[in-house]
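Here is a colleague's note to read alongside the model. Keep the structure open and look up each residue as it comes up.

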Amino acid sequence: MIRKRKTFKISMFTVVLQLFCIAMVAQNSTAKDKIDSTQNESIAIKTNPKRYHELEVALQKAKQTENTSEVANAYLDHSEFFLKYSDILCTKYSDSIILLTKDLKNNEKFPAEGYNQKGRYYYRIGKYKLALDNFTTGLDRAKENTALHQTINLNIGLIKNTIQRHQESKKIFKKYLYFLESSGEKDSNHRYNRGLFALSHAFTYTGELDSATYYIEKGIKNTIATNDKVGYDYFVLNSGINSYFKKDYNVAYDSLIRAKELFENDESQIISLAFAHLFLGKTNKALKKSSINHFIKVDSILEVTKDVMPELLDAYDYIKDYYAAKGDNVNLPHYQAQEIKFRKISQHNYEDLVKDIVTNYDNKILEKERDRIIREIKDQDNIIIIILLSLLLAFAGAIYYFFRKQVIHKKRFHKLLEEQQKKKELATEKKSVVPVTENNIKELSEDLVNDILTKLEKFEATNKFVKKKYTLPQLAKELNTNGTYLSKVINETKKVNFSNYLNQLRIEYAIEQITNNSIFREYTIKAIAEECGFKTQQSFSAAFYKKTGIKPSFFIRQLKNKG
């Protein structure tokens, strides 16, 4: 919405929406002659010669250092000084920055700041096409994810506002605010206030009036807290416009009258004043009050500025209706001619600007997005290749592990069969499978130990352990011995506790039955577990694996394959 034009007096840093930009620039001594030729007529120098002299002293000191960045910063100060007065010398110093720093690589400020400053100057005087050309060039030269890059993007968003592409500009303004909030630059140079205003303005014109109100209120508080008078004035104006769209006409009138008073004595704010009059006229019309003078004031401002923003042309509809209703055949043709004249100017400027926005900015953004997607696809392709290779290696490892495990398990299977065969042979020869060669239990006599072992051998031969749920006291009583003695003998001679002793007997029984009884092999694992005295299939499988190193299912399968 709000924007600046060429002014002829002192203006403050933040003139309209374009003043959201940050100033930075410099110049090269090769342009010195051209600069000198315009200094005698410079409004800025005549208005503030003391400040100009200070800048010149600083520039000469910078040149003595022969440091490119210091000289460029000194030129940037000059450029900003002249920009405040909308003085053409702003562009001369900006050109000098560009010439001086054109070969710098990966510098966060230069030469992009030179193009940014030129864009700000042309934006301020209403030459939006030239402003856009410089902003887009500056954007190309600025490092991404820096304050300057975001600021130039913001400035382009302001130009999008002038051609009423508010949905697009809203996205830019949101991104700008997020950058300031996340980078810790929220309060620097009132940038945050400019971003809040830009976003509140965009929300107003996209019809999201409650969101606009939120950012207006936030902006007013922040401008007061940061002593930002210019920013405060803009929020007052936008508050009035937003209230008008909300049809809260009395509130709108109060804000718009206040905005008019804030802007009417400052020629640098003349476009903002035009908007205050336009919406005062609309508000008075809604309140059934006299409104014609406000619309005529818009016409008089356009006559001075020739900066014809499309929305300001709305004034002529009200003016024509007013004079047509009065039958005024003198004023009606005059304002009809005025509308035709300014509409042609607006169409010429803004239709070309729309084309330039698409060609110079939107297409470049699309190209960058396309290149980013291509890079991501390539990166993803590399990642996919790595993943596939990893999966292939993992699959190969899994296959190796599987076959290695099969080999080991088959060895254990054959070992089990060999052990079963030896047991058969021993049983045929009637040799004891549990001979006692030495008594290591000092507190028990050898006779007592041998007696208990003999009873255990008989117990094991009966296979009672698979039928009855024995406890240590129960078995001791059955064997007619002491439970403590029985436990010590089992621990010492079997090298396991009582519970594991019973499990071993049951597993040995299971192995024998599976090996020698083909019907037993047809049972389910759960049925085999129950048949061997285990409470659950899981406890049986765990005990079987602990004893043999293979699972019962594998053992059964190998026996079936073998048979």
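**Notes on the model**

1. Lysine 344 is found in helix H17, which covers residues 331–429. This is a predicted model. Lysine 344 counts as exposed because its relative accessibility is 57%, and the cut-off for exposed is over 50%. The C-alpha atom of lysine 344 is separated by 9.5 Å from that of valine 308, a residue 36 positions away along the chain.

2. For the overall picture, the protein chain has 25 helices and zero strands. It has 563 residues, and buried residues make up 46% of them. Among contacts in the chain with a separation of 6 or more, 68% are between residues 24 or more positions apart. The accessible surface comes to about 29100 Å², and carbon and sulfur atoms account for 51% of that area.

3. In soluble globular proteins, nonpolar side chains tend to be buried together. The largest nonpolar core in this model holds 92 residues, and the members that touch the most other members are Phe82, Phe173, Leu237, Phe275, Phe279 and Leu312. Helix H14, residues 270–286, gives the most to this core, with nine residues. Another core lies apart from it and has 43 residues, among them Tyr501, Ile507, Phe555 and Leu559.

4. Which residues does serine 200 contact, leaving aside its neighbours within four places in sequence? They are Ala212, Tyr215, Ile216, Phe235 and Asn238. With asparagine 238, the side chain of serine 200 makes a polar contact, side chain to side chain, at 2.9 Å. Serine 200 lies in helix H10, residues 191–205. It counts as buried because its relative accessibility is 0%.

5. Is glutamine 558 buried or exposed? It counts as buried, since its relative accessibility is 13% and the cut-off for buried is under 20%. Its place is in helix H25, residues 552–562. Not counting residues up to four places away in sequence, glutamine 558 touches Lys410 and Phe413. The C-alpha atoms of glutamine 558 and histidine 414 are separated by 9.5 Å, although these residues are 144 apart along the chain.

6. On aromatic rings, a search of the whole structure finds 29 aromatic pairs. One of them joins tyrosine 121 and tyrosine 122, with 5.4 Å centre to centre and 70 degrees between the planes, an edge-to-face arrangement. Tyrosine 121 is buried, at 1% relative accessibility, and tyrosine 122 is buried too, with a relative accessible area of 15%. The pair of phenylalanine 520 and tyrosine 523 is tilted, because the planes of the rings are at 45 degrees; the ring centres are 5.1 Å apart. Here phenylalanine 520 is buried, with a relative accessible area of 4%, whereas tyrosine 523 counts as partly exposed at 35%.

7. Some rings belong to a group: Tyr52, Tyr75, Phe81, Phe82, Tyr85 and Tyr93 form one aromatic cluster. Phe82 is also listed among the core members that touch the most others.

8. Two lysines sit over rings. Lysine 282 lies over the face of phenylalanine 279, at 4.8 Å from the ring centre. The charged end of lysine 289 is over the ring of tyrosine 253, 4.6 Å from its centre.

9. Last, the backbone. Most residues other than glycine have a negative phi, and most peptide bonds are trans. Where does the model have a cis peptide bond? A cis bond joins phenylalanine 110 and proline 111, with omega about 0 degrees. Proline 111 lies in the loop between helix H5 (89–101) and helix H6 (112–124).

10. Lysine 288 has a positive phi, near 60 degrees. This lysine is in the loop between H14 and helix H15 (292–305), and it is exposed, with a relative accessible area of 78%. Lysine 495 also has a positive phi, near 65 degrees. The place of lysine 495 is in the loop between helix H20 (483–494) and helix H21 (498–516). At 61% relative accessibility, lysine 495 counts as exposed.

Conventions: Residues are numbered from 1 along each chain as its sequence is written. This is a predicted model: local features need pLDDT of at least 70, side-chain atom pairs count only at pLDDT 80 or more; totals for chains, interfaces and linings use all residues. Side-chain values use heavy atoms; hydrogens and water are left out. Helices (H or I, at least four residues) and strands (E, at least two) are DSSP runs, numbered from the N terminus. Buried means under 20% relative accessible area, exposed over 50%, partly exposed in between (1.4 Å probe, protein chains only). A polar contact is a pair of N or O atoms within 3.5 Å; within protein, one must be able to donate a hydrogen and the other to accept it, and residues adjacent in sequence count only if both atoms are side-chain atoms. Contact means heavy atoms within 4.5 Å. A nonpolar core is a set of buried Ala, Val, Leu, Ile, Met, Phe, Trp, Tyr and Cys residues joined through side-chain atoms within 4.5 Å. Rings of Phe, Tyr and Trp (its six-membered ring) pair if their centres lie within 6.5 Å; planes under 30 degrees apart count as stacked, over 60 as edge-to-face and the rest as tilted. A charge sits over a ring if NZ of Lys or CZ of Arg is within 6 Å of the ring centre and within 35 degrees of the ring normal. Accessible areas come from the Shrake-Rupley method with a 1.4 Å probe; for residues, only the protein chains shown count as cover.
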